[in-house]
Amino acid sequence: MASRVRILVVEDDEKSRRLLTDVLAFHGYEVAAAGSGEEGVRSASSAAPDAALLDIQLPGISGFEVLAALREPCCCGERLPVVAVTASVMDQDRKKILAAGFNAFISKPVNIRELLATLESLLTKAAT
Ligand code: MN
């Protein structure tokens with residue numbers, strides 16, 4: 001039996017984290033959830049996620065720093081699909097997110113259909 005696709009979710013807001021976790025689990029994903037960037041980076045090596053969902057605004061290290069840490073060869077590597085979740089709708093912030101190397105971003109409040117479609121598309125691309 002094939003193992004389920006695992007998503008690392010890093011989100012400091014507990015309600016949002018639980019919502020993302022529940023939605024992803026409902027759609028068949030395995031979820032490793034973290035409430036801070038530091039925790040997310042720590043759990044990434046052992047969880048070996050197939051993709052990650054990163055909140056940008058975090059209390060400690062930011063989503064940008066988490067991205068950089070995950071992309072290290074000793075962690076998840078360059079090919080890990082990573083989606084930024086951002087409250088900002090400003091064009092320059094979005095440009096900054098893509099320039100930093102995120103594969104995609106979705107806006108808060110999260111549209112579930114958009115989230116699932118984005119993940120599916122990235123996972124399909126990563127599998128080829
Ligand atoms: Mn946050």
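Visitor: On what basis are residues numbered, and which pLDDT do local features need?
Guide: Residues are numbered from 1 along each chain as its sequence is written, and side-chain values use heavy atoms, with hydrogens and water left out. This is a predicted model in which totals for chains, interfaces and linings use all residues, side-chain atom pairs count only at pLDDT 80 or more, and local features need pLDDT of at least 70.

Visitor: What is the strand order of the open sheet?
Guide: Helices (H or I, at least four residues) and strands (E, at least two) are DSSP runs, numbered from the N terminus. Two strands pair if DSSP finds at least two bridges between them. The sheet has five strands with parallel pairing, in the order β2-β1-β3-β4-β5.

Visitor: Which strands stand at the edges of the sheet?
Guide: An edge strand here has a single partner strand, so one side of it is left without a neighbour in the sheet. The twist averages 20 degrees from one strand to the next. The edge strands are β2 and β5 (104–107).

Visitor: Which residue is the bridge partner of Val-10 in β2, and which in β3?
Guide: β1 runs parallel to β2, joined by five bridges, and parallel to β3, joined by four bridges. The partner of Val-10 in β2 is Ala-34, and in β3 the partner is Leu-54.

Visitor: What angle does the direction of α5 make with that of β5?
Guide: Axes are lines fitted to C-alpha atoms, for helices over the stretch in contact, and angles run from 0 to 180 degrees between N-to-C directions. Contact means heavy atoms within 4.5 Å. Helix α5 (residues 112–127) packs on the sheet, touching β1, β3, β4 and β5, and the angle is about 175 degrees.

Visitor: How many residues of β3 are buried?
Guide: Buried means under 20% relative accessible area, exposed over 50%, and partly exposed in between (1.4 Å probe, protein chains only). Both faces of β3 are covered, with Ala-51, Leu-53 and Asp-55 on one side and Ala-52 and Leu-54 on the other. The strand is largely enclosed by the rest of the structure, because the buried residues number five of the five.

Visitor: Which residue in β4 stands opposite Ala-52?
Guide: β3 and β4 run parallel and are joined by four bridges. Leaving aside neighbours within four places in sequence, Ala-52 is in contact with Leu-8, Leu-70, Leu-80, Pro-81, Val-82 and Val-83. The residue opposite Ala-52 in β4 is Val-82.

Visitor: Which residues are the protein donors of the manganese ion?
Guide: Donors are N, O and S atoms within 2.8 Å of the metal (3.2 Å for Na, K and Ca); water is not among the atoms, so sites may look incomplete. The protein donors lie 2.1 to 2.3 Å from the ion and are Asp-12 (OD), Asp-55 (OD) and Gln-57 (O).

Visitor: How many residues apart in sequence are the parts tied together by Asp-12 and Asp-55?
Guide: Asp-12 is partly exposed at 33% relative accessibility, whereas Asp-55 is buried at 3%. Asp-12 lies in the loop between β1 and α1 (14–26) and Asp-55 in strand β3, so the parts tied together are apart in sequence by 43 residues.

Visitor: How many disulfides does a search of the whole structure find?
Guide: A disulfide is a pair of cysteine sulfur atoms within 2.5 Å. For Cys-74 the nearest cysteine sulfur, that of Cys-75, is 6.4 Å away; for Cys-75 the nearest is that of Cys-76, 3.8 Å away. The number of disulfides found is zero.

Visitor: Where does Ala-48 lie?
Guide: Ala-48 has phi near 45 degrees, a positive value in a residue other than glycine. Ala-48 counts as partly exposed, at 46% relative accessibility. Its place is the loop between α2 and β3.
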